[in-house]
Amino acid sequence: MRFLVTGTAGFIGFHLARRLLQAGHEVVGVDGLTDYYDVALKRARLAQLDALPGFSSREFLLEEPGAFMSLMGEARPDVVVHLAAQAGVRYSLEHPEAYVSGNVVGTFQVLEGCRAHPVRHLLFASTSSAYGGNRDVPFRETDRAVWPLTIYAASKIAGEAMAHSYAHLWKIPTTAFRFFTVYGPWGRPDMALFLFTRKILAAEPIEVYDHGRAVRDFTYIDDLVESIARLIDAPPPLPGVGPVSAADTLSPVAPYRMVNIGGGRPVSVAAMLDALEEALGARAVRHLRDLPPGDVERTEASTDLLRDLVGYVPATPLSSGIPAFVAWYRAHYGPAA
Ligand code: NAD
């Protein structure tokens with residue numbers, strides 16, 4: 001099959017593209033190589049993909065008028081996986097405009113491209129942050145109330161809403177993922193695990209928010225990619241066509257559903273740090289801080305729907321996922337890093 005994947009220089013897009021290429025598919029990538037974090041890391045990921053047969057890529061921002069549309073016309077993919085976005089909860093407090101242009105306008109351009117050039121399946125990355133102020137755990141896709149705490153969450157919910165309307169109007173089979181704190185090799189430098197690793201190895205103090213009590217449903221990258229790969233083959237049917245399970249969140253009016261992809265074993269940040277210290281063989285100097293505005297105290301995914309749809313749920317524990325990250329970090333940045 002031919003895939004168009006947005007965000008292929010990013011953490012998740014890189015891993016997914018590599019997996020698809022290794023399975024013998026063709027992948028056309030697009031990434032705007034934004035400078036939100038280290039562009040050298042993004043280029044290093046792309047260099048890995050460039051070495052694999054079947055990969056080609058373009059560099060542009062999705063919100064550039066006409067750019068995605070013309071790529072769709074040239075590439076004619078069977079499936080689009082839309083992962084490019086301005087990510088990050090805290091950055092969104094200072095730079096809200098990046099989220100509106102990248103995530104709202106950018107996603108709109110992707111939807112327009114899929115309207116003009118129909119695909120078998122459009123898959124789109126949303127986030128656990130969409131559950132926002134919801135306090136009932138585990139978070140279920142059927143939770144109706146939407147209380148976004150940040151413009152990051154709001155921009156992703158806007159993407160979900162636009163995607164649903166396109167799925168309804170133009171019959172585009174669409175799956176929206178809600179990802180939960182993804183980590184692993186080639187991970188993101190702005191996320192806690194990477195930041196903590198760098199600072200612990202440099203013997204610098206780290207800031208631990210919510211005094212380490214905040215709980216996250218950490219999801220290992222290989223498990224996430226396995227889940228996505230299986231969901232690619234399970235596009236939502238048109239309403240009223242095909243079997244729908246009791247747990248399904250299939251829209252009553254569109255070939256659209258939303259699916260959590262989470263590790264299923266929520267862990268406190270303090271416990272994550274303990275596991276990291278063990279993997280590094282070094283202690284952190286912990287400066288305990290309050291929970292910053294926009295952050296949530298706890299995330300926890302219900303993975304019942306994922307299991308129901310594809311017969312698989314993430315299972316890698318932090319005790320093996322963190323050492324795999326640390327091994328990659330040392331190999332990539334040097335053993336003394
Ligand atoms: P990432 O920042 O590593 O990758 C995103 C890529 O998109 C980057 O390479 C960036 O250059 C590119 N990009 C950003 N804005 C763009 C634009 N306007 N046009 C073109 N390219 C653009 O992030 P990631 O961790 O790989 O996340 C992938 C997706 O998953 C994102 O949509 C993110 O919001 C979502 N998500 C990630 C996590 C996580 O824990 N990593 C959790 C929830 C949701």
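How do the residues of the shell around the ligand divide into nonpolar, polar and charged? I looked this up and found 13 nonpolar, ten polar and four charged. I counted Ala, Val, Leu, Ile, Met, Phe, Trp, Tyr, Cys and Pro as nonpolar, Asp, Glu, Lys and Arg as charged, and the others, Gly among them, as polar.

I am working on a predicted model, where local features need pLDDT of at least 70, side-chain atom pairs count only at pLDDT 80 or more, and totals for chains, interfaces and linings use all residues. Residues are numbered from 1 along each chain as its sequence is written.

I checked confidence next. The chain averages a pLDDT (the predictor's confidence in each residue, from 0 to 100) of 95, and 99% of the residues score at least 70. The complex gets an ipTM of 1.00 and a pTM of 0.97 from the predictor.

Back to the ligand. Of the 27 residues around it, Gly7, Gly10, Gly32, Ala85 and Gly102 come nearest. I took a residue as near if its C-beta atom, placed from the backbone, lies within 6 Å of the molecule. Helix H1 (11-22) is one of the elements supplying at least two shell residues. H1 gives the most, with three. Helices (H or I, at least four residues) and strands (E, at least two) are DSSP runs, numbered from the N terminus.

Then the strands. S1 and S2 run parallel, joined by five bridges; strands pair if DSSP finds at least two bridges between them. Phe3 has Val27 in S2 as its bridge partner. S2 also pairs with strand S3 (residues 55-58), in the parallel sense, over four bridges. There, Val28 stands opposite Ser56.
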